[in-house]
Amino acid sequence: MANLYTRSNYDATKNGQIVIESHQFGTVTDFQPERVMASVAEAADRQYSYVMVTTKALPDVLSTPKLLEPFLLPSYRYPQPTYVLLQNGLGVETDLHAKLVDRIISPSPRIITAAVYCDANLVGRIMKHPSGKGFRKPRLELGLFTPAHAAPAQVELSEPNLAIFRSMVDAGGGCATISEDIQAAKFRKNIWNAVFATFSCLTRVPPSFYVATPALWEKVVPLLRETGEEVVAVGRALGYSEKYLPSDVIQSFINGDVATYNEVESQLMPSTVLDIKANKPFEVEVIVALYMQHRLSAKAAPAMTPSIAPPSLADRSTISMEEVLVVGWGAVGILFGYILHHSGKVRLTVVARSNYQAAKNGQIHINSHQFGTVTDFKPERVVASVAEAADRQYAFVVVAAKALPDVLPTSKLLEPFLSLSYTFPQPTYVLLQNGLGVEADLYQSLEQRKSSPSPHIITTAVYCAANLIGNAMQHPANIPKLELGFFPPKMEGAKTTEVEPNLVVFQSLIEAGGGVATIEDNIQAVKFRKNIWNAAFAPMSCFTRVPPAFYTATPALWEKVVPLLRETGEEIVAVGRALGYSEIYLPADVVEGFLDWNIATFKDVKSQHKPSTLLDIEVNKPFEVEAIVGEVVRAGKRLGVPIPKTEAIYIMLSVMQAHNLKTLD
């Protein structure tokens, strides 16, 4: 009889709404366990032969003994079950075993540990176990966990439940074997998790995308092979034999990837990538960190984790560097400029206008929860104008200046690069600009430049929660994140990276510098979603002139503010729906998600963080009214979507903008 404990999908499981789509079992819509519980405590009301743990091993978040605490307390009066750990990673058994020993029970603790092979993803309520040439029957390699390993015959004699559990898996259509050295078998399996799955975590793309694209796979394989051999060296130092770590073990994983991920359309992802994308904890400690501990104790194999410190200027002269220009040295420019510099792969030139002298003299300070206090950041070159910067070839020109089509269009700002007197090859332009339609005028100007090839423009949704106050850039929370895409899409349905390889290059620079960058197939939909906060939430601070934390963290005020934010947000969502953006990008609860984000981000009433539009308004600078709100209003009118609150915001901000411009004149 199966008793199931489930947390986040309790209702769906209880109601039999979990669907299985499997190449082996077909489509199963009527799977319902005999009992479904919402907590381990609720489940600990009877005796079990086996307690099977399939939750992620997260010792840094929720240890297995803590998860299973109701079974480990003296109040659990039944005989102890055999625990079966279907968990990725190494050392996942240790804390549970120690806790069971501490409990002074008889007989000795019984823990079956496993190397798990199943090629499955849970997406919403659908468990996908796909078909294909390389996909396998669900398989377990099993062994008894003890501080000292026993021979296979001894294992079966001392733990007959191993054979019973194996027979149940085999009878149900799976495949289970009993391993002579389960820790060696788990180490071998973990090579894929630590090396191959991590590659997808860093790039945020399914393995099939690069495996089934020969030109990409040719570039990826050497990195996978070299990193894999580092891990194998750790296994050798731990004494694992050729039986488990043969000389061709890495090549076998490479061949397995080719067989498994042979269709570029496959969306099967390592579970760690799904967790990262959903901002959930993932198994970094047991999958990767344990290798570092083993390496130190064994004094073998090179370090797998590179230093996060950027190379010195002397070191930079010995490696291939990308020439990158950042135009605009405000909060966004400084933060992502530092990330690019921190990657150790960039020679950075910046155009700083109002704060030129401070940037030139290295007087810009960064106070960041991620990078700490940085007082010595000085780009390789600081210039006072775009014209002065246009004296060489760049791989990327990053535009971090505000999108102000009504004041200074981007094409006008970048005019020295668009003039025929600029004789170098055109760079890839990266627009780190809030708002919608920010790419159009630059693209048109590049198209009109008859001597240039097709324009290369990367557009982004920017998340950084940073303010520049004087010469201090304050970055109090959140890892800086970019969502990237090519403008315009090259062809209907084409994967972004197939038509703009520099997307992958730029993404890698951001990731190497400590930021997060994802490549999006529909970047305009992603930008529209991000713009909901800028257009509906930020104006509340612009009009009231108070930081969001003041009203968000004050319950009586927040109760009054929420209906207005919700109604304005829903108006903007309606425009997005009329533009054809799907539930993937604009789910039904997207506005509620922003409300929750406000609560999580601005929970300290003393926080002085402000939207950049408010900072601009406070010092009478132009701000992005047209790109952030005007584009939404114009789209609503064009599509016949009534948005009265958003139009009111636009009118009021337009008046404020006109006042600021007059003040500047």
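Q: What makes R634 count as partly exposed?
A: Its relative accessibility is 34%. Buried means under 20% relative accessible area, exposed over 50%, and partly exposed in between (1.4 Å probe, protein chains only). So R634, at 34%, counts as partly exposed.

Q: What should I know about the model before reading on?
A: This is a predicted model: local features need pLDDT of at least 70, side-chain atom pairs count only at pLDDT 80 or more, and totals for chains, interfaces and linings use all residues. Residues are numbered from 1 along each chain as its sequence is written, and side-chain values use heavy atoms, with hydrogens and water left out.

Q: Why is the contact of R634 with E631 called a salt bridge?
A: The term needs a side-chain nitrogen of Lys or Arg within 4 Å of a carboxyl oxygen of Asp or Glu. The closest N and O atoms of R634 and E631 are 3.3 Å apart, so the pair qualifies. Both residues lie in helix 28 (residues 625-639), 3 residues apart, about one helical turn. Helices here are DSSP runs (H or I, at least four residues), numbered from the N terminus.

Q: What makes R566 and E592 a link between distant parts of the chain?
A: Their salt bridge has its closest N and O atoms 2.6 Å apart. R566 is in helix 25 (residues 555-578) and E592 in helix 26 (residues 590-601), 26 residues apart. R566 is partly exposed at 31%, and E592 is partly exposed at 30%.

Q: Why is the pair of F196 and F253 called tilted?
A: Rings of Phe, Tyr and Trp (its six-membered ring) pair if their centres lie within 6.5 Å; planes under 30 degrees apart count as stacked, over 60 as edge-to-face and the rest as tilted. F196 and F253 are 6.0 Å centre to centre with 45° between the planes, so they form a tilted pair. F196 lies in helix 8 (residues 182-203) and F253 in helix 11 (residues 249-260), so the pair ties together parts 57 residues apart in sequence.

Q: How do you know that F196 and F253 are buried?
A: F196 has a relative accessible area of 1%. F253 is at 14%. Both values fall under the cut-off for buried.

Q: Why are W533 and F537 called stacked?
A: Their ring centres are 6.4 Å apart and their planes are at 20°, so the pair is stacked. Both lie in helix 23 (residues 523-544), 4 residues apart.

Terms used
Helix = DSSP H or I, 4+ residues; strand = E, 2+ residues; numbered from the N terminus.
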